[in-house]
Amino acid sequence: MKLKNTLLAVTDMEKSVAFYKDTLGLHKIADFGANVTLSGGLCLQTADTWAEFIEKTPGELGWCGNVSEVYFEEDDFGSFVEKLKNLDIHYVHPVKEHPWGQRVVRFYDPDCHIIEVGENIKSVCLRFIESGLTVEQTARRMDVPAEFVKKCLPKVRD
């Protein structure tokens, strides 16, 4: 068995497809009307058809439960954050840095699903190395093995 896709139930397909295209750069792979597959393995399905499949009414679905999120990583995190400033985004929280050094931002999609975009973890390693930390110091800062840092930065030598 393997995970194939993540499906989000949405109330306005057109608005949701536009949001994921404009905000995260995803594009349609397949469009079956009530079900759209986007690049990256994200599927959107109209809330009414999904509710029918699971034998619930749309009112029983518990919108904005905030109990899960869809996670993305971005190589050019700074540019992505600048892009968000020009969009109508409702934030869960602004950009913050986790204890291991990865910068992240969380916001809501049009149906209140939480979207997290994090700095690519290899970029975190590179940022620390470029700031003057050694591989070992970076590993301690990120709380990962030095071998992990070396694999992220194959051209870095001890």
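Biologist: Before the sheet, what makes two strands pair here?
Modeller: Two strands pair if DSSP finds at least two bridges between them. Note that this is a predicted model.

Biologist: OK. How many bridges join S5 to S8, and do they run parallel or antiparallel?
Modeller: Six bridges join them, and the two strands run parallel. Tyr71 stands opposite Glu116 in S8.

Biologist: What's the strand order in that sheet?
Modeller: S5-S8-S7-S6. The sheet is open, has four strands and shows mixed pairing.

Biologist: Which strands stand at the edges?
Modeller: S5 and S6 (90-97). Each has a single partner strand, so one side of each lacks a neighbour in the sheet. From one strand to the next, the twist averages 15°.

Biologist: Which strands does H3 touch?
Modeller: H3 packs on the sheet and touches S5, S6, S7 and S8. Its direction makes about 30° with that of S7.

Biologist: Switching to helices. At what angle do H1 and H3 cross?
Modeller: Roughly 130°, with the axes coming within 10 Å. H1 and H3 are therefore oblique to each other.

Biologist: Which residues make that contact?
Modeller: Asp22, Thr23 and Leu24 from H1, with Phe80, Lys83 and Leu84 from H3. By class, that's three nonpolar, one polar and two charged residues.

Biologist: And the largest nonpolar core, how many residues?
Modeller: It has 23. Tyr20, Leu24 and Phe107 are among those with the most contacts inside it. H1 gives the largest share, five residues.

Biologist: What does Tyr20 contact, leaving aside its neighbours within four places in sequence?
Modeller: Its contacts include Leu8, Leu38, Leu42, Asp109 and Ile115.

Notes. Residues are numbered from 1 along each chain as its sequence is written. This is a predicted model: local features need pLDDT of at least 70, side-chain atom pairs count only at pLDDT 80 or more; totals for chains, interfaces and linings use all residues. Side-chain values use heavy atoms; hydrogens and water are left out. Axes are lines fitted to C-alpha atoms, for helices over the stretch in contact, and angles run from 0 to 180 degrees between N-to-C directions. Angles under 35 degrees count as roughly parallel, over 145 as roughly antiparallel, 65 to 115 as roughly perpendicular and the rest as oblique. Contact means heavy atoms within 4.5 Å. Ala, Val, Leu, Ile, Met, Phe, Trp, Tyr, Cys and Pro count as nonpolar, Asp, Glu, Lys and Arg as charged, and the others, Gly among them, as polar. A nonpolar core is a set of buried Ala, Val, Leu, Ile, Met, Phe, Trp, Tyr and Cys residues joined through side-chain atoms within 4.5 Å. Buried means under 20% relative accessible area, exposed over 50%, partly exposed in between (1.4 Å probe, protein chains only).
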